[in-house]
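Here is a short note to read beside the model. Keep the sequence open as you go.

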Amino acid sequence: MPARRTTVSAAVLLISALALAGCSGGAPKPSAGKEAAAGDVGASPLQNPDGTRPGLAPLTSPEDLKAGRDLISRVATAAGGPKDGYDRNEFGPAWTDSVDGVPGGRNNCDTRNDLLARDGRLLEHKDGSSCVVTAMSIYDPYTGKTVQWTRQQASKIQIDHVMPLSYDWQMGASKWDKAKRVQIANDPLNLIPADGSQNASKGDSGPAAWLPANTAVRCSYAVRFAQVSLKYQLPVTEADKRAMLQQCGG
């Protein structure tokens, strides 16, 4: 009989502890800088050739690494030209919706908000708007962290041009017409929402000089760089191509 009372008492204590835990406000929201769950990282670039799916998932299998190298091997190389004449305005107004020939163009939502909606989760929008994102949870592939973002901290997440616009200019875009430059500046294939400090440190560097801090996505990043290069028939420098192949085991 005493043993039974001990068992019952233990059960009551356990139930009480669980009840108290349940009164703490439910599951905590992920905090800024939290490691992302495996399912949050998004799509492999090999399975996302138009850039319309979110994220930049790591490439890890021997088959995917080989596919990445094969794709990168198709990229042409050339020496970079001068930066003379480059200006951001040569690629159109920043995040314009007035762009043809790329996903999201002329959908009544600017490119920046299109990208936040593509990659963000738990989106909140400005009152009366189905476009303007004011808060979200977003996985940043460049650091491997999940970030809680609001418009009050706008610079915390910036939209990175995978092939920087100045790099494009030096590799041949200076000879394009304005419409094609507006395309590459607003093409979701060339755009990844990422940590603001990572974007700032990158500047207009190619892969030989800059890679994401998150080593797990460096091959994926190189593949995405190659996808943009191939789509727009822009070469990369020999050093950049070597660095891209190295990230995928080449």
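1. Start with a term. A residue is called buried at under 20% relative accessible area, exposed at over 50%, and partly exposed in between (1.4 Å probe, protein chains only). Lys and Arg count as positive, Asp and Glu as negative, and His and the chain ends are not counted. A salt bridge is a side-chain nitrogen of Lys or Arg within 4 Å of a carboxyl oxygen of Asp or Glu.

2. A word on the source. This is a predicted model, in which local features need pLDDT of at least 70 and side-chain atom pairs count only at pLDDT 80 or more, while totals for chains, interfaces and linings use all residues. Residues are numbered from 1 along each chain as its sequence is written, and side-chain values use heavy atoms, with hydrogens and water left out.

3. Now the overall layout. The protein has eight helices and six strands. These are DSSP runs, numbered from the N terminus: helices are H or I with at least four residues, strands are E with at least two. Their order along the sequence is α-β-α-α-β-β-β-β-α-α-β-α-α-α. Of the 250 residues, 43% are buried.

4. Look at Lys 241, in helix α8 (residues 238-247). Lys 241 is buried but has no salt bridge. Which side chain of opposite charge is nearest to Lys 241? It is Glu 238, 9.1 Å away. A polar atom of the Lys 241 side chain does lie 2.7 Å from the backbone oxygen of Val 75. Beyond neighbours within four places in sequence, Lys 241 is in contact (heavy atoms within 4.5 Å) with Ile 72, Ser 73, Val 75, Thr 77 and Val 236.

5. Next, helix α7, residues 218-232. Its 15 residues reach 21 Å from first C-alpha to last, close to the 21 Å expected. That expected span is 1.5 Å times one less than the number of residues. Of the 15 residues in α7, 12 are buried. Among them are Cys 219, Val 223, Arg 224 and Gln 227. Just after α7, Gln 233 has a positive phi of about 50 degrees.

6. Finally, the core. A nonpolar core is a set of buried Ala, Val, Leu, Ile, Met, Phe, Trp, Tyr and Cys residues joined through side-chain atoms within 4.5 Å. The largest has 37 residues, and Tyr 142, Ile 184, Tyr 221 and Phe 225 touch the most other members. Helix α7 gives the most to this core, with eight residues. Another core, of 11 residues, lies apart from it and includes Val 133 and Ile 138.

Definitions and conventions:
Polar contact = N/O pair within 3.5 Å; in protein donor to acceptor, adjacent residues only side chain to side chain.
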